[in-house]
Every structure is written in C-alpha cells, then in structure tokens.
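Below is a briefing on one protein model. Please look at the structure first, then read the notes grouped by topic.

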Amino acid sequence: MVGEHDGSTGEATPEIDLSRPSIARVYDAVLGGKDNYEIDRMVADQVRVNMPHISDVGWFNRALLGRAVRYLTADVGIRQFIDLGAGLPTLENTHQVAQRHNPEARVVYVDNDPIVLAHGRALLEENDQSAVVTADLREPEKVLAHPDVRRLIDLSEPVGVLLIGMLHHLHDDEDPQGIVDAYVDAVPSGSHLVITAFCDTGPEARAVEETMLEFLGTGRFRTTEELTAYFGGVELLEPGVVSLPLWRPDEPVEEELTVAQRLMAGGVGRKV
Ligand code: SAM
C-alpha cells in the first residue's frame, strides 16, 4: 500500500491498493506504460484474448484527444479544460497539447484514483496552470467547487469539458446522462463537450465488455445512438459520433475499418 498526500488541499488521499486492478493502471498497461502492477497487466492480457489490438484502440483514443484538444485550442480559442476521468499521465497529455497551441491554457485533471494524483503531480510540478484533483466525477457539484477547479477554471468563459474513455465505466443506474448534463449546464455558451467511449459494435466488443465487468466491475458499451444522445444539451459538430479514426483525421483513413478501429466512438459538441 502506498500512502499519498495531496499538497493542494492539505488532505491525505486514500491509500493505493495494489492487490486489486485499477481502471487507471490497467489502461496504463494497455498503453504500454510503466505505472502498473502484475494484477493490472493480467487484466490487460485477459482483454487481449478477445481484442489482440487493444493497445491500438487505446492509442486511437489518445490520438482523438490530441486532435480534439488541438481543434478546441487552436481553432476555437478555448483556453481552459476540465479533463474528467483523466487517467495516468502518458504521452501528449491534455495540458501539453493545449499549451503547445496556447501557452496560457489551463487544465484541471479529475480522477477518483489517487495514483493519478501521485503520478500527475510530478509531471505538473513546474506547471502552475494545471492541477490534478482526486474526486468522483459523478458528483459534479463537488468537483466544480473544488479549490483547484475554482482557481483554474473561470466558469464565465468557455470551457472544454472532456469525458474521454470514461463513460463506459458508468452503469446506467448511475445516470451518466444526468452527469454529462450537469457539467454542460455549469459551463457557458461557447463551451465544448468531447466524449469518447467503447461502442457496442458486435461480439468482439461484447467479449471485452464482459472481461471488464468481471475484472473491473464496470463496462457498459453503448451504441452510437446512445453515445449521440449524450450530446443532447449541445450542438453536435461534424462528423457527429463516429469510430475514433474517422473523427477529423489528419491522414486519409481506409474505408473498411478493422474491429479495433470501430471499438470506440466519439464526437465533439458546442454549447450554443
Ligand atoms: N481519459 C483518459 C484517456 O482516455 O486516455 C483515461 C481513461 S481511463 C480508461 C478511465 C479513467 O477514469 C481512469 O483513470 C479511472 O480511474 C477514471 N474514473 C473511473 N470512474 C471515475 C469516477 N467515478 N470519477 C473520476 N474518475 C473516474
């Protein structure tokens, strides 16, 4: 067990349990990162049984994050982001992409796994425009009232709200739609919502969903229509909710997508 201390609030964060897999660490293992343990790698291997190219799926997801944050920062002029379910730091984190296009950009990472704070703080040590907050995103009021969110996010100015690779970890009875709407309601017009999530595309997808449910306790792969419904409170931008490689690709994409390329879908919407 590893005890951590959250320097920003003065509160002790919960201990990190190394005997059970964590979503953040399993995802890190899938991406080929080093901040994971045997138990996490075992779950990643289980997923690989049905989805040998799961690492590619993770990187399609990170690539969409990069394209969407670049678009929001460079083209739309968004200067502040709240990254909900941020995960462990990896390559091309939100603040790095955003600050490349606008050095003044501010980012708050929110995750309920304390290991994200432990690793994220080291990365952000020299960056007072970014913070990691340990909080449960299912409590939007508490998240938005957190001192670091209040310090870095000005709710009178457009915000980029990111829910990347996250909503499939919420069961239907946790009211994911209500949670998305609460964040959209809290930000002003001109704000943008970015969502990516696992998509129910067929038997292979359902096998991955079952493995996640068995080992992580969460996994709800939704149809493109269900994912599109999350954008009910905003204007969904072109090309809509699509398989990740098809969202405004930098390079032409082969017509026929592979199972891995279709495993996640995402889109971006603008609050009018
Ligand atoms: N957003 C990153 C990305 O797409 O590359 C990381 C995605 S990772 C698959 C999902 C993250 O959501 C994990 O780090 C997990 O700890 C976090 N998470 C799950 N449930 C959460 C909750 N209720 N509140 C905050 N974070 C949560």
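**Strand β10 and the cores**

Valine 242 has glycine 266 as its bridge partner in β10. This is a predicted model, in which local features need pLDDT of at least 70 and side-chain atom pairs count only at pLDDT 80 or more, while totals for chains, interfaces and linings use all residues. Residues are numbered from 1 along each chain as its sequence is written, and side-chain values use heavy atoms, with hydrogens and water left out.

**Strand pairing** (strands pair if DSSP finds at least two bridges between them; strands are DSSP runs of E, at least two residues, and helices runs of H or I, at least four, numbered from the N terminus)
- Strand β9 (residues 242–243) runs antiparallel to β10, joined by two bridges.
- Strand β7 (residues 192–198) is antiparallel to β10 and joined to it by seven bridges; here leucine 193 stands opposite glycine 269.
- In β10 (residues 264–270), six of the seven residues are buried (under 20% relative accessible area, 1.4 Å probe, protein chains only).

**Nonpolar cores** (sets of buried Ala, Val, Leu, Ile, Met, Phe, Trp, Tyr and Cys residues joined through side-chain atoms within 4.5 Å)
- The largest has 48 residues, and Ile54, Phe81, Val194, Phe198 and Leu263 have the most contacts inside it.
- Helix α3 (residues 54–76) gives this core its largest share, eight residues.
- A second, separate core of 34 residues includes Leu84 and Val133.

**Confidence** (pLDDT, the predictor's confidence in each residue, from 0 to 100)
- The average pLDDT is 94, and 94% of the residues score at least 70.
- Over residues 1–13 the pLDDT is below 50.
- Where pLDDT is low, predicted coordinates should not be read in detail.

Methods
Buried means under 20% relative accessible area, exposed over 50%, partly exposed in between (1.4 Å probe, protein chains only). Contact means heavy atoms within 4.5 Å.
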